[in-house]
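Have the sequence and the model at hand, and follow along residue by residue.

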Amino acid sequence: MSECYDYIRRNLEIIRKKIEKAAIKSGRKPEDITLVAVSKTVEPEKILRAIDEGITELGENRVQELTKKYDIISRDCNWHLIGHLQTNKVKYIIEKVKLIHSVDRYNLAAEINDRAKKIGKKVNILVQVNISGEQTKFGVAGHEAIELVRRIVGLENIRIKGLMTMAPFAANPEVVRDVFSGLRKLSIDIEKENINNIDMEYLSMGMSNDFEVAIEEGANMVRIGTALFGERQYL
Ligand SMILES: *Cc1c(COP(=O)(O)O)cnc(C)c1O
(Lines give C-alpha, C1' and ligand atoms only; values in the text may rest on other atoms or scores of the structure.)
Protein backbone atom coordinates (compact mmCIF):
# COMPACT_ATOMS: atom_id res chain seq x y z
CA MET A 1 0.00 0.00 0.00
CA SER A 2 1.51 3.28 -1.07
CA GLU A 3 2.31 5.61 1.82
CA CYS A 4 2.04 8.71 -0.31
CA TYR A 5 -1.73 8.28 -0.28
CA ASP A 6 -1.96 8.15 3.51
CA TYR A 7 -3.63 11.54 3.41
CA ILE A 8 -6.69 9.83 1.95
CA ARG A 9 -7.03 7.73 5.09
CA ARG A 10 -6.57 10.79 7.28
CA ASN A 11 -9.08 12.82 5.28
CA LEU A 12 -11.57 10.00 5.45
CA GLU A 13 -11.20 9.82 9.21
CA ILE A 14 -11.94 13.53 9.51
CA ILE A 15 -14.93 13.27 7.17
CA ARG A 16 -16.36 10.30 9.06
CA LYS A 17 -16.07 12.15 12.37
CA LYS A 18 -17.87 15.16 10.93
CA ILE A 19 -20.59 12.96 9.44
CA GLU A 20 -21.03 11.27 12.81
CA LYS A 21 -21.31 14.56 14.65
CA ALA A 22 -23.83 16.05 12.20
CA ALA A 23 -25.88 12.84 12.15
CA ILE A 24 -26.11 12.72 15.93
CA LYS A 25 -26.96 16.41 16.04
CA SER A 26 -29.93 15.73 13.77
CA GLY A 27 -31.08 12.69 15.73
CA ARG A 28 -29.77 10.02 13.40
CA LYS A 29 -27.06 7.40 13.36
CA PRO A 30 -23.82 7.84 11.43
CA GLU A 31 -24.52 4.64 9.53
CA ASP A 32 -27.73 6.18 8.20
CA ILE A 33 -25.61 8.51 6.08
CA THR A 34 -24.18 7.16 2.82
CA LEU A 35 -20.89 8.67 1.73
CA VAL A 36 -20.39 8.84 -2.02
CA ALA A 37 -16.72 9.48 -2.80
CA VAL A 38 -16.62 11.78 -5.81
CA SER A 39 -13.76 10.45 -7.88
CA LYS A 40 -13.97 12.71 -10.94
CA THR A 41 -10.49 13.61 -12.24
CA VAL A 42 -8.94 11.40 -9.54
CA GLU A 43 -6.38 8.80 -10.64
CA PRO A 44 -7.29 5.13 -10.23
CA GLU A 45 -4.50 4.51 -7.68
CA LYS A 46 -6.04 7.02 -5.32
CA ILE A 47 -9.52 5.62 -5.84
CA LEU A 48 -8.22 2.14 -5.04
CA ARG A 49 -6.70 3.49 -1.87
CA ALA A 50 -10.07 4.96 -0.85
CA ILE A 51 -11.69 1.58 -1.52
CA ASP A 52 -9.04 -0.05 0.70
CA GLU A 53 -10.14 2.37 3.42
CA GLY A 54 -13.74 1.22 3.17
CA ILE A 55 -15.29 3.39 0.44
CA THR A 56 -17.95 1.43 -1.45
CA GLU A 57 -19.77 4.21 -3.36
CA LEU A 58 -18.08 6.16 -6.15
CA GLY A 59 -19.54 9.20 -7.89
CA GLU A 60 -18.59 10.43 -11.35
CA ASN A 61 -20.11 13.35 -13.21
CA ARG A 62 -19.10 12.41 -16.74
CA VAL A 63 -20.18 9.36 -18.68
CA GLN A 64 -16.90 8.76 -20.47
CA GLU A 65 -14.90 8.94 -17.28
CA LEU A 66 -17.28 6.66 -15.45
CA THR A 67 -17.19 3.94 -18.08
CA LYS A 68 -13.41 4.12 -18.32
CA LYS A 69 -12.90 3.85 -14.58
CA TYR A 70 -15.56 1.19 -14.29
CA ASP A 71 -13.32 -1.02 -16.41
CA ILE A 72 -10.07 -0.11 -14.67
CA ILE A 73 -11.32 -0.33 -11.08
CA SER A 74 -12.44 -3.92 -11.12
CA ARG A 75 -13.39 -3.96 -7.48
CA ASP A 76 -16.59 -4.52 -5.60
CA CYS A 77 -18.02 -1.01 -5.51
CA ASN A 78 -21.10 0.89 -6.64
CA TRP A 79 -21.08 3.64 -9.25
CA HIS A 80 -23.19 6.77 -9.09
CA LEU A 81 -23.71 9.13 -12.01
CA ILE A 82 -24.00 12.52 -10.31
CA GLY A 83 -23.53 14.97 -13.19
CA HIS A 84 -25.64 16.23 -16.06
CA LEU A 85 -26.61 13.35 -18.34
CA GLN A 86 -27.25 13.69 -22.04
CA THR A 87 -30.01 11.48 -23.36
CA ASN A 88 -27.82 9.95 -26.08
CA LYS A 89 -25.29 8.75 -23.48
CA VAL A 90 -27.66 6.80 -21.27
CA LYS A 91 -26.86 3.60 -23.15
CA TYR A 92 -23.22 3.66 -22.05
CA ILE A 93 -23.92 3.67 -18.33
CA ILE A 94 -27.24 1.92 -17.92
CA GLU A 95 -25.71 -1.43 -16.94
CA LYS A 96 -22.99 0.07 -14.80
CA VAL A 97 -24.68 2.43 -12.35
CA LYS A 98 -26.39 1.78 -9.07
CA LEU A 99 -28.02 5.20 -8.93
CA ILE A 100 -28.43 8.13 -11.34
CA HIS A 101 -28.66 11.33 -9.27
CA SER A 102 -29.29 13.79 -12.07
CA VAL A 103 -32.66 13.09 -13.70
CA ASP A 104 -34.17 16.50 -14.28
CA ARG A 105 -36.45 16.10 -17.31
CA TYR A 106 -38.98 13.65 -18.62
CA ASN A 107 -37.31 12.75 -21.90
CA LEU A 108 -34.16 11.69 -20.03
CA ALA A 109 -36.24 9.50 -17.73
CA ALA A 110 -38.02 8.02 -20.75
CA GLU A 111 -34.70 7.12 -22.38
CA ILE A 112 -33.43 5.53 -19.15
CA ASN A 113 -36.66 3.56 -18.98
CA ASP A 114 -36.36 2.32 -22.58
CA ARG A 115 -32.75 1.24 -22.09
CA ALA A 116 -33.55 -0.40 -18.76
CA LYS A 117 -36.40 -2.34 -20.33
CA LYS A 118 -34.09 -3.63 -23.05
CA ILE A 119 -31.79 -5.20 -20.50
CA GLY A 120 -34.57 -6.33 -18.19
CA LYS A 121 -33.53 -4.13 -15.31
CA LYS A 122 -35.13 -1.59 -13.00
CA VAL A 123 -32.95 1.48 -12.67
CA ASN A 124 -32.81 3.60 -9.52
CA ILE A 125 -32.83 7.35 -9.98
CA LEU A 126 -33.01 10.57 -8.02
CA VAL A 127 -34.78 13.63 -9.34
CA GLN A 128 -32.39 16.57 -9.37
CA VAL A 129 -34.04 19.78 -8.21
CA ASN A 130 -32.67 23.27 -8.61
CA ILE A 131 -33.84 24.56 -5.24
CA SER A 132 -31.70 27.69 -5.28
CA GLY A 133 -32.93 28.74 -8.71
CA GLU A 134 -29.35 29.58 -9.65
CA GLN A 135 -29.12 29.93 -13.44
CA THR A 136 -25.99 27.84 -13.82
CA LYS A 137 -27.39 24.80 -12.02
CA PHE A 138 -29.15 21.90 -13.68
CA GLY A 139 -32.27 20.46 -12.14
CA VAL A 140 -36.01 20.84 -12.41
CA ALA A 141 -37.41 23.95 -10.75
CA GLY A 142 -38.81 23.33 -7.27
CA HIS A 143 -42.38 24.18 -8.27
CA GLU A 144 -42.25 21.78 -11.22
CA ALA A 145 -40.74 18.85 -9.37
CA ILE A 146 -43.95 17.14 -8.23
CA GLU A 147 -45.34 17.27 -11.75
CA LEU A 148 -42.15 15.67 -13.12
CA VAL A 149 -42.26 12.97 -10.45
CA ARG A 150 -45.88 12.17 -11.36
CA ARG A 151 -44.89 11.66 -14.99
CA ILE A 152 -41.82 9.56 -14.23
CA VAL A 153 -43.66 7.12 -11.96
CA GLY A 154 -45.58 5.98 -15.00
CA LEU A 155 -42.34 4.50 -16.38
CA GLU A 156 -42.17 0.84 -15.39
CA ASN A 157 -38.43 0.28 -15.42
CA ILE A 158 -37.53 3.27 -13.31
CA ARG A 159 -37.68 3.53 -9.57
CA ILE A 160 -37.54 6.97 -7.97
CA LYS A 161 -35.47 6.70 -4.81
CA GLY A 162 -35.43 10.33 -3.73
CA LEU A 163 -34.15 13.79 -4.58
CA MET A 164 -30.81 15.45 -5.23
CA THR A 165 -29.72 19.07 -5.21
CA MET A 166 -26.57 21.14 -5.46
CA ALA A 167 -26.32 24.28 -3.40
CA PRO A 168 -24.57 27.34 -4.80
CA PHE A 169 -21.01 27.65 -3.61
CA ALA A 170 -20.86 29.70 -0.43
CA ALA A 171 -17.81 30.41 1.67
CA ASN A 172 -20.07 30.14 4.70
CA PRO A 173 -22.33 27.08 4.34
CA GLU A 174 -24.89 28.59 6.72
CA VAL A 175 -25.94 30.73 3.78
CA VAL A 176 -27.21 27.68 1.90
CA ARG A 177 -28.97 25.96 4.80
CA ASP A 178 -32.32 27.02 3.29
CA VAL A 179 -31.51 25.19 0.06
CA PHE A 180 -31.12 21.93 1.97
CA SER A 181 -34.19 22.39 4.13
CA GLY A 182 -36.07 23.29 0.94
CA LEU A 183 -35.21 19.94 -0.65
CA ARG A 184 -36.24 18.14 2.52
CA LYS A 185 -39.61 19.93 2.56
CA LEU A 186 -40.16 19.05 -1.07
CA SER A 187 -39.39 15.42 -0.33
CA ILE A 188 -41.97 15.41 2.47
CA ASP A 189 -44.54 17.04 0.18
CA ILE A 190 -43.96 14.33 -2.42
CA GLU A 191 -44.34 11.59 0.20
CA LYS A 192 -47.65 13.12 1.26
CA GLU A 193 -48.97 12.70 -2.26
CA ASN A 194 -48.90 8.94 -1.69
CA ILE A 195 -47.84 8.20 -5.23
CA ASN A 196 -47.36 4.51 -5.97
CA ASN A 197 -43.97 3.15 -6.88
CA ILE A 198 -42.04 5.92 -5.12
CA ASP A 199 -39.69 5.44 -2.29
CA MET A 200 -38.27 8.67 -0.92
CA GLU A 201 -35.31 6.88 0.58
CA TYR A 202 -32.51 9.28 -0.27
CA LEU A 203 -31.82 12.96 0.00
CA SER A 204 -28.56 13.41 -1.89
CA MET A 205 -27.21 16.79 -0.84
CA GLY A 206 -24.01 18.17 0.62
CA MET A 207 -20.50 18.38 -0.83
CA SER A 208 -17.06 19.03 0.67
CA ASN A 209 -17.88 22.57 1.62
CA ASP A 210 -21.35 22.11 3.07
CA PHE A 211 -22.04 18.47 3.93
CA GLU A 212 -22.37 19.01 7.68
CA VAL A 213 -25.09 21.61 7.23
CA ALA A 214 -26.76 19.37 4.63
CA ILE A 215 -26.82 16.43 7.07
CA GLU A 216 -28.23 18.64 9.80
CA GLU A 217 -31.03 19.49 7.38
CA GLY A 218 -31.79 15.88 6.54
CA ALA A 219 -29.29 14.67 3.92
CA ASN A 220 -28.64 10.94 4.11
CA MET A 221 -26.38 10.80 1.08
CA VAL A 222 -23.45 13.18 0.73
CA ARG A 223 -21.17 13.55 -2.30
CA ILE A 224 -17.64 14.41 -1.29
CA GLY A 225 -14.64 14.88 -3.56
CA THR A 226 -12.14 17.55 -2.60
CA ALA A 227 -12.25 16.96 1.16
CA LEU A 228 -11.30 13.33 0.52
CA PHE A 229 -8.94 13.35 -2.45
CA GLY A 230 -7.64 16.93 -2.32
CA GLU A 231 -8.01 19.67 -4.93
CA ARG A 232 -8.87 18.38 -8.38
CA GLN A 233 -6.32 18.68 -11.17
CA TYR A 234 -8.10 19.43 -14.42
CA LEU A 235 -5.87 18.42 -17.27
C1 LIG B 1 -17.85 17.53 -8.11
C2 LIG B 1 -19.17 17.23 -7.52
C3 LIG B 1 -19.31 16.98 -6.15
C4 LIG B 1 -18.16 17.01 -5.16
O5 LIG B 1 -17.67 18.29 -4.99
P6 LIG B 1 -16.54 18.60 -3.87
O7 LIG B 1 -16.75 20.03 -3.56
O8 LIG B 1 -15.22 18.31 -4.48
O9 LIG B 1 -16.83 17.73 -2.69
C10 LIG B 1 -20.57 16.66 -5.68
N11 LIG B 1 -21.65 16.62 -6.49
C12 LIG B 1 -21.55 16.87 -7.81
C13 LIG B 1 -22.78 16.80 -8.64
C14 LIG B 1 -20.32 17.18 -8.36
O15 LIG B 1 -20.23 17.42 -9.69
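Where does N194 lie? Look in the loop between helix 7 (177-192) and strand 8 (198-204). Before going further, keep in mind that this is a predicted model.

N194 has a phi near 50 degrees, which is positive although the residue is something other than glycine. Most residues other than glycine have a negative phi. N194 counts as exposed because its relative accessibility is 67%, and the cut-off for that class is over 50%.

N197 is found in the loop between helix 7 and strand 8 too. Its phi is near 70 degrees, again a positive value in a residue other than glycine. With 32% relative accessibility, N197 counts as partly exposed.

**The ligand and its shell**

Now for the ligand. Which residues surround it? The list runs V38, K40, N61, I82, M166, M207, S208, R223, I224, G225, T226 and R232. Sorted by class, that shell holds five nonpolar, four polar and three charged residues. As for the space the ligand takes, that is the largest pocket.

| Side chain | Ligand atom | Distance |
|---|---|---|
| K40 (N or O atom) | oxygen | 2.6 Å |
| R223 (polar atom) | nitrogen | 2.9 Å |
| T226 (N or O atom) | oxygen | 2.5 Å |

How much of the ligand does the protein bury? Taken alone, the ligand exposes 390 Å², and the protein buries 92% of that.

S39 has its place in the loop between strand 1 (34-38) and helix 2 (44-52). Is S39 buried or exposed? It counts as buried, because its relative accessibility is 0% and buried means under 20%.

E65 is another acidic residue worth a click, and you'll find it in helix 3 (residues 63-72). At a relative accessible area of 17%, E65 is buried. What does the E65 side chain reach at 2.6 Å? That would be the backbone nitrogen of T41. The side chain of E65 also makes a polar contact with the side chain of K69, at 2.7 Å.

**Two long stretches across the model**

R10 sits in helix 1 (residues 6-25) and is partly exposed, with a relative accessible area of 45%. From R10 to K137 you go 127 residues along the sequence and 32 Å through space, C-alpha to C-alpha.

R28 is placed in the loop between helix 1 and strand 1. Its relative accessibility is 22%, so R28 counts as partly exposed. How far are the C-alpha atoms of R28 and Y92 separated? The answer is 37 Å, for residues that are 64 apart along the chain.

**Back to the pocket**

The protein buries 92% of the area it exposes alone, and T226 puts an N or O side-chain atom 2.5 Å from one of its oxygen atoms.

Notes
Residues are numbered from 1 along each chain as its sequence is written. This is a predicted model: local features need pLDDT of at least 70, side-chain atom pairs count only at pLDDT 80 or more; totals for chains, interfaces and linings use all residues. Side-chain values use heavy atoms; hydrogens and water are left out. A residue is near a molecule or strand if one of its heavy atoms lies within 4 Å of it. A polar contact is a pair of N or O atoms within 3.5 Å; within protein, one must be able to donate a hydrogen and the other to accept it, and residues adjacent in sequence count only if both atoms are side-chain atoms. Accessible areas come from the Shrake-Rupley method with a 1.4 Å probe; for residues, only the protein chains shown count as cover. On a 1 Å grid over the protein atoms alone, a cavity is a set of points where a 1.4 Å probe fits but cannot get out, and a pocket is an open set with protein on both sides within 12 Å along at least five of seven lines; lining residues have an atom within 4 Å of a point. A molecule sits in a cavity or pocket if more than half of its atoms lie within 2 Å of its grid points. Ala, Val, Leu, Ile, Met, Phe, Trp, Tyr, Cys and Pro count as nonpolar, Asp, Glu, Lys and Arg as charged, and the others, Gly among them, as polar. Helices (H or I, at least four residues) and strands (E, at least two) are DSSP runs, numbered from the N terminus. Buried means under 20% relative accessible area, exposed over 50%, partly exposed in between (1.4 Å probe, protein chains only).
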